[in-house]
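Hi everyone, thanks for making time.

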Amino acid sequence: MKVLIVGGGGREHALAWKCAQSPRVREVLVAPGNAGTAAEPRVRNVDIAASDFPRLLELARREAVALTIIGPEAPLVAGIVDAFQAAGLRCFGPSRLAARLEGSKSFSKDFLQRHGIPTAAYRSFTRGNFDRAWLRSQRAPIVVKASGLASGKGVVIAQSLDEAEAAVAEMFSGRFGDAGAEVVIEQFLQGEEASFIVMADGEHVLPLATSQDHKRLQDGDLGPNTGGMGAYSPAPVVTGAVHERVMREIITPSIRGLSRDGTPYTGFLYAGLMIAADGTPMVLEFNCRFGDPEAQPVLARLESDLISLCEAALEGGLDRVEAHWDRRAAVAVVLAAAGYPDAVRSGDPIAGLDAAAGRPGKVFHAGTRRAHGRVLTSGGRVLCAVGLGDRVSDAQRQAYALVDCIRYQGMQYRHDIAHRAIARELSAAAGRPIDATRQGGHG
Ligand SMILES: Nc1ncnc2c1ncn2[C@@H]1O[C@H](COP(=O)(O)OP(=O)(O)O)[C@@H](O)[C@H]1O
Ligand SMILES: [Mg+2]
């Protein structure tokens, strides 16, 4: 069969690479893809933007594509799955209405509240009904979020109420376009974050391996927020007990709530969680797709056939399948372009990809393109190097050995991806009593 992956980033390279390993797949098409997908065996790029639904539909029909998987959020929120379904084509992802869970943070918070699912206390405002006196009666730190899609840049952790008010004013003044026409202001939560990603079929869920993302640009979690500078899987903060609570208190009621609300959810569902010191999970946000960069380490560990899992989901049969995981840990280090996350340089030649390809691990491409026989930078996040290892520290070493092969002008990356998991590993090895709720990991 032929499979189509929509998108062109690191997540889509990982999805295409994984799908191409399926014995059932003859060819994987990627629209538009990148230089990494172009070089992958059994994978072919097609130069169509993820937003161009008519041409994507025409492609899927012409090539007799049996399954389409949507990578990024924007086409999902714009209703690409509805368009494919209306044309009688199988497409894995949530409908436009279900994707509002990511497309509108205010919708998502109201949904959580209505269904009694734990999340930070909040209020949402438009310019017309903004209650400044209410904000002034709150305590800092406090979190201000543009409600719409803002590529990971629409959240301000305000350290004072003045800063919060300035952030609200900036959002209303159009800094994030329509995404900031509505804002959510919410309580600041303490704890450790985890990415909890599941596949859903409207009724049942299959939890994928857990992971943890690194949002800040610089080592030690400093500097501005980014789309994600690295990730690893599994996330030891999600112990067996925490996993069980997340499923019972968050995932199951969310899937049930969506179904009851008449918008059943099929696709990857990503819950961004804050896990408090006592193991209590709260929802920070939902994403309606696989995470990027979480997809890279999670899919590197997936041993099961992804196509079969997607098909089971489209047939409402996720209760009848299991996912098998490589027991090793995976660490993924993002290589970003100069200037990221603001205005980035692009068009610089990338050296060392062949040397990296000869080493263990895998380099996924994100913002890359091929021109005149060379691979050039072409976006904020350029590459993502994934290492595997029995210990997280081994996986980290393998990932950084790949990074050391690669060079381009202004390359930026963090040197400490997976530092939390490695600190736990070190304290466990030294026999130091670490917080009992945090030992082990799940998935
Ligand atoms: N209520 C909160 N308390 C503490 N930190 C938060 C809170 N909400 C968001 N954050 C931080 O801001 C980051 C981005 O927020 P999130 O809601 O995930 O939005 P997005 O991913 O769309 O930018 C989170 O990963 C987390 O680090
Ligand atoms: Mg997030």
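How far is a nitrogen atom of ligand 1 from an N or O atom in the side chain of E186? The answer is 2.7 Å. Keep in mind that this is a predicted model.

Let's stay with the ligand. Ligand 1 on its own has 540 Å² of accessible area, and the protein covers 89% of that. Who's doing the covering? Well, β7, β8, β9 and β17 are the elements that each give two or more residues to the shell. There are 15 residues around the ligand, and they split into seven nonpolar, two polar and six charged.

Okay, on to the sheet. Five strands make an open sheet, running β12-β15-β18-β22-β19, with antiparallel pairing. The edges are β12 and β19; each has a single partner strand, so one side of each has no neighbour in the sheet. Further in, β18 and β22 pair over eight bridges, and if you want one to find on screen, A330 has L388 in β22 as its bridge partner.

Next, helix α12, residues 306-314. Is it mostly covered or mostly open? Mostly covered: seven of its nine residues are buried, including L306, I307 and E311. After the helix comes G316, with a positive phi near 75°.

Last topic, salt bridges. R44 and E27 meet at 3.0 Å, N to O, with R44 in strand β3 and E27 in strand β2. R44 is partly exposed at 30% relative accessible area, while E27 is buried at 18%. This pair also belongs to a network in which K2, E27, R44, E58, R62 and E63 are joined by shared partners.

Then there's E315 with R90, at 3.8 Å, linking parts of the chain 225 residues apart. E315 counts as exposed, at 55%.

Finally, R414 and D221 meet at 3.0 Å. Both sit in loops, so the pair ties together parts that are 193 residues apart in sequence. R414 is buried with a relative accessible area of 0%, whereas D221 is partly exposed at 21%.

Note on methods: Residues numbered from 1 in each chain as written. Chains lettered and ligands numbered in written order. Predicted model: local features only at pLDDT ≥ 70, side-chain atom pairs only at ≥ 80, totals over all residues. Heavy atoms only, no water. Near = heavy atom within 4 Å. Polar contact = N/O pair within 3.5 Å; in protein donor to acceptor, adjacent residues only side chain to side chain. Areas by Shrake-Rupley, 256 points an atom, 1.4 Å probe, with all protein chains shown as cover. Helix = DSSP H or I, 4+ residues; strand = E, 2+ residues; numbered from the N terminus. Nonpolar A, V, L, I, M, F, W, Y, C, P; charged D, E, K, R; others polar. Buried < 20%, exposed > 50% of the residue type's maximum accessible area, 1.4 Å probe, protein only. Pairing = 2+ DSSP bridges. Salt bridge = Lys/Arg side-chain N within 4 Å of Asp/Glu carboxyl O.
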